Amino acid sequence: MTGPRSWLARRLLLGVAQTAAVVLLVFGLTEALPGDAAVALAGDQPDPERIAAIREAMDLDRPAHVRLADWAAGLLHGDLGTSLASGRPVATYLADGFGPTLLLAALTVALLVPLGVGLGVLAARHEGRLVDRLVSSATLGVYAVPEFAFGVLLVTVFALRLGWLPPTAVGYGTDLLAHPAALVLPVLVLLSRPVCSLSRLVRAGLIDTLASPYVAHARRYGVPGTRVTYAHALPGAVAPAAQQLVRTIDWLVGGVVVAEALFVIPGLGTVLMNAVAERDVPVVQGLAVVFGVSTVVLNLGADLVARRFAPRAGAAA
């Protein structure tokens, strides 16, 4: 067995190693992209001499290992680099797209908890009955549909057929709070799979806990059924659901990219896609590193949550 400090130190060291691996992987993948910014900037004049001059001016002619060392050194000082296409710092691209992305993620998480936990509790309290079968079938069916396909379906029905909601956020700018109708479909797409997985975890955990000896003991003492469910059984079913919630926040980092692409929302996902199209490698690398480091940090948080709610399992790790 290891103490909490030893476990935390090992987990932090693993997080540092994972972060370094993310940096190397991002650089390698962006190096493998076909073409480069020089070719894209050459535009209608793809003359080899012009491309070579642009590449030299942007330091793209230097060896890959030299550029990797310079980029990694900048990251250690908080410098994500400079856009090859515009000359702006990559950090400004993050600042421009952060607001819409954060808004979508925050709304999704705020709705995810009551919906996921509520559906899970509803299904568990009616285990084996019609309500349980309906909730379980619906969550399984929705979870099986990819987010992009589900988004297209929502747009077809609620935007094109019924005309109740706008199909995209085009024309609304970054102030999406002033146009809440434009947020409904993207948030529904982001909620679709996490609500299903969270509710099924809560249902399974609650059913197991309701069958435990200490809950049966509480019932023998005449504790009301509602109090047994919410005060005694639900806290015992929280561990896997809480860990799943933390990992869902991690998933949102990538899921938001899909929603922003589908609904043309000017967030970090749109910035990333534009940078890939322009072969703006520093912007792609900077955003990918931010996403990757966020994943490492959130997975560390998920492990801490799991250890907190299941100390024996955590101590054995």
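## A partly exposed arginine and its partner

Arg-203 has a relative accessible area of 23%, so the residue counts as partly exposed. That value comes from a predicted model. Arg-203 forms a salt bridge with Asp-132. The closest N and O atoms of this pair are 2.8 Å apart.

Where do the two partners lie? Asp-132 is in helix α6, and Arg-203 is in helix α8. The pair therefore ties together parts that are 71 residues apart in sequence. Asp-132 has a relative accessibility of 3%, so this residue counts as buried. Side chains of opposite charge can pair when their charged atoms come close.

## The second salt bridge

How many salt bridges does a search of the whole structure find? The search finds 2. Besides the Asp-132 pair, Asp-96 and Arg-88 meet through their side chains. Here the N to O distance is 2.6 Å.

Asp-96 is partly exposed, because its relative accessible area is 43%. Arg-88 is partly exposed too, at 33% relative accessibility.

## The chain as a whole

The protein chain has 317 residues, and 40% of them count as buried. The chain holds 14 helices and 0 strands. Along the sequence, the pattern reads α-α-α-α-α-α-α-α-α-α-α-α-α-α.

## Helix α6, side by side

Helix α6 covers residues 130-143, which makes 14 residues. At 1.5 Å a residue, the helix should span 20 Å. The C-alpha atoms at its ends are 20 Å apart, so the two values agree.

Which residues of α6 are buried? They are Asp-132, Val-135, Ser-136 and Thr-139. Seen down the axis of α6, the buried residues fall within an arc of 95°, so they line one face of the helix. An α-helix has 3.6 residues a turn, so residues three or four places apart point the same way. On the other side of α6, Leu-130, Leu-134 and Ser-137 are exposed. Asp-132, on the buried list, is also the residue that pairs with Arg-203.

## The largest nonpolar core

In soluble globular proteins, nonpolar side chains tend to be buried together. In this model, the largest nonpolar core has 31 residues. Those with the most contacts inside the core are Leu-104, Leu-176, Leu-185, Leu-190, Phe-263 and Ile-265.

Which elements give two or more residues to this core? They are α5 (90-125), α7, α8 and α11 (238-263). Helix α8 gives the most, with 12 residues. Helix α8 also holds Arg-203, the partner of Asp-132.

Phe-148 sits in helix α7. At 47% relative accessibility, Phe-148 counts as partly exposed. How far apart in space are Phe-148 and Ala-261? Their C-alpha atoms are 9.3 Å apart, while 113 residues separate the two in sequence.

Leu-153, Val-157, Leu-162 and Trp-164 make a nonpolar surface patch of about 410 Å². Leu-162 is in the loop between α7 (147-161) and α8 (181-210). Its relative accessibility is 41%, so Leu-162 counts as partly exposed.

How values were computed. Residues numbered from 1 in each chain as written. Predicted model: local features only at pLDDT ≥ 70, side-chain atom pairs only at ≥ 80, totals over all residues. Heavy atoms only, no water. Patch = residues over 30% accessible without salt bridge, like charges linked within 9 Å, V, L, I, M, F, W, Y side chains within 5 Å. Areas by Shrake-Rupley, 256 points an atom, 1.4 Å probe, with all protein chains shown as cover. Salt bridge = Lys/Arg side-chain N within 4 Å of Asp/Glu carboxyl O. Helix = DSSP H or I, 4+ residues; strand = E, 2+ residues; numbered from the N terminus. Buried < 20%, exposed > 50% of the residue type's maximum accessible area, 1.4 Å probe, protein only. Expected span 1.5 Å × (residues − 1). Arc of directions from axis to C-beta. Core = buried A, V, L, I, M, F, W, Y, C linked by side-chain atoms within 4.5 Å.
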